[in-house]
Amino acid sequence: MAEPGTAEPVIRLVDVDRVFPAEPPVHALRGTSLRVAAGDYVAVNGPSGSGKSTLLNTLGLLDRPTSGRYLLDGIDTTTLPDGERTRLRGGRIGFVFQSFHLLQHRPVLENVMLAEVYRQPPTNLRKGRRARAAQALERVGMGHRADFPPNRLSGGERQRVAVARALLGRPSLLLCDEPTGNLDGHNTTLLLDLFDELREQGLTIVVSTHEDEVSSRAGRRVRIIDGVLREE
Amino acid sequence: MDPRDLCAEAVAGVLARPLRTALTTLGTVLGIATLVITLGVAATAGNRIVGRFDELTATAITVEVPQSEDGPLVGWDAPAELTRLRGVASAAAVAQNEGDTDLTVTANRLVDPTRVSGRNLAVVAATVDLPAAVRGRVSAGRFYDEGHVLRRDRVVVLGADAARMVGVSRLADGPAVFIGERAYSVIGILSDLGRDQALSTAVIVPPGIGADFGLKDVTRVLVNTRLGAAELIAGQLPRALSPARSGELHVITPPSPTRARDAVEGDLNGLFLILGLVSLVVGAVGIANATLVTVLERTSEIGLRRALGAARRHVAAQFLVESTLIGLTGGVIGASVGVVAVVAVAAVRQWTPVLDIAPVLAAPAAGALVGLLAGLYPALRAARMEPVDALR
Ligand SMILES: Nc1ncnc2c1ncn2[C@@H]1O[C@H](COP(=O)(O)OP(=O)(O)O)[C@@H](O)[C@H]1O
Ligand SMILES: [Mg+2]
């Protein structure tokens, strides 16, 4: 499947459309093609309602394209059954959401550990999971908050915990949908510093945003308007 | 998914809202407790009634002796022989005419000539052990003894009701009764008969005297056994009473205790069992409702779990295990409450608590089943959610 002479990209999106059935139908993605190589740091920039979330949901296998093809790590996901897509999603993709999505009733460490619960063996072992989660928290500078309930953390701290959860199990792709949407300027800067570190460690990152500060820190910027994607 | 992870996630989900979980559990607690109490109290009460049978009836044997042309089947000395059998507590032989052959009995003092004091009463001949054999009490005077029998003294003992009917209450002034033309001294009154209460209206005479009234041969033998010996003794009685013609005797044994118990349990419980089942259904609806609310509240959690790689079946399993846990907890608490209540009821009534272990052990399983069934629809709803919608 790999084209001769080039390494297999993490993301290969070929002519993808996503149409939501409505009156009239909503074309959230139109003829979208995108390649993201391993280690890339891509910012998807666009105003509200332009299709950023739809794009990231498609990349994260949470949503299926209406037409076109999507290859993740060279695997054509468009023809895969639901179960296979779920397995790929759990094993290869880490998500960070604008609203954090932490479980309020569980301490920070358990929130991070949750990332391994639905993995396939042998990456779901209970043995050592606590230590691995603690290590992921150290990596985002939150090791000292392991036993806190999420509602005692600031927004910036919560998002770091969410990043730690996404990093557990070493995904090949980190998808962040407006991760700074609920953060103030200082916390935004801290989170972007963290993304820089992760990129230096070789992680592939796709971040959606409508803030220039975020997109300017990425290695590569694409712009999406009314479902149409363009390189900047 | 590791089953231990599934359980841990479900337990965490249930404990996240402790108050709601407690309230949700209540319906199942009530239902299971009602069922356990119903079964337990019925078994306990049933046992009590069997206990009364033991005391009064389960040790009482009657042997009917048919009259025969070829001489008496059972002699008057037979009861004395019987008491040598191990397990026999007391025994007496009785002779009584068949059918309506009561004799006119009159007290000696005719206080009021207009009053009809003559009464038709049964006259019965009995051996000296009769008071013990009918579990009665000699409330006044005494019962006749072997001396009276040997001397053929013309003495009688009145059953308590017979005494009242002929107007004899005090024995100090040596009352007598006339049976037919002849006078007999009344030496005692026999009261509070535990069995063969018909004798309470009879005039009881010693065996030798009975011959005056055609009461020559033994017609009935009353035997009381020690607890639990009735069946064994009943088997031995005919040969002991009449070795040569034992087959002609008719032995009447107490009803078996199990039959008594079944009869008691059968009619007592229908209503309460239905009540318990209704409570269980209400409990199930409660669990279903609470789980459904939980599913809707935790939409974003469901979305998150799907994003982390949970398949639909993992999401369904989580909510099923949660509702099952709630049902199981209700079952365990309900069974405990039920057992405590049964013991308390038994203590207050001074009964021996009896509770089959089977329903107590089955109660938690029944609660879990209720929870499982109640969780089916909410779990299905949770599994059907699209991750994108759930995360929005
Ligand atoms: N499930 C849906 N049904 C109908 N329209 C939808 C649905 N999801 C998104 N849309 C529409 O698709 C467009 C893109 O949405 P979205 O990807 O969420 O934009 P963004 O994340 O850039 O704000 C919007 O016009 C939105 O209203
Ligand atoms: Mg969006």
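In this predicted model, chain A and chain B bury about 2,200 Å² between them, and carbon and sulfur atoms give 58% of that area. On the side of chain A, the residues that lose the most area to chain B are A:His101, A:Tyr118 and A:Arg126, which together make up 32% of what that side buries. The contact draws on 21 residues from chain A and 24 residues from chain B.

Seven residue pairs are in polar contact between chain A and chain B, counting pairs with both residues at pLDDT 80 or more. On the side of chain A that touches chain B, the elements giving two or more residues are helix H2 (82–92) and helix H3 (108–117) of chain A. Of the elements on that side, H2(A) gives the most, with four residues. The residues of this side of chain A divide into eight nonpolar, six polar and seven charged.

Salt bridges also join the two chains. The rule finds four of them across the interface of chain A and chain B, while the count over all chains comes to 39. One pairs the side chains of A:Asp82 and B:Arg312, at 3.6 Å from N to O. This pair crosses between chains, running from helix H2 of chain A, where A:Asp82 lies, to helix H12 (residues 312–349) of chain B, which holds B:Arg312. A further salt bridge brings together the side chains of A:Arg126 and B:Asp5, with 2.6 Å from N to O.

Two points of backbone geometry in chain A are worth a look. Most residues other than glycine have a negative phi, and most peptide bonds are trans. Against that background, the peptide bond from A:Glu23 to A:Pro24 is cis, with omega near -5°. A:Pro24 sits in the loop between strand S1 (11–20) and strand S2 (26–36) of chain A. The other point is A:Phe100, a residue other than glycine with a positive phi, near 65°. A:Phe100 is found in the loop between strand S6 (93–96) and H3 of chain A.

Notes. Residues numbered from 1 in each chain as written. Chains lettered and ligands numbered in written order. Predicted model: local features only at pLDDT ≥ 70, side-chain atom pairs only at ≥ 80, totals over all residues. Heavy atoms only, no water. Contact = heavy atoms within 4.5 Å. Buried area = accessible area lost by both parts, 1.4 Å probe. Salt bridge = Lys/Arg side-chain N within 4 Å of Asp/Glu carboxyl O. Polar contact = N/O pair within 3.5 Å; in protein donor to acceptor, adjacent residues only side chain to side chain. Nonpolar A, V, L, I, M, F, W, Y, C, P; charged D, E, K, R; others polar.
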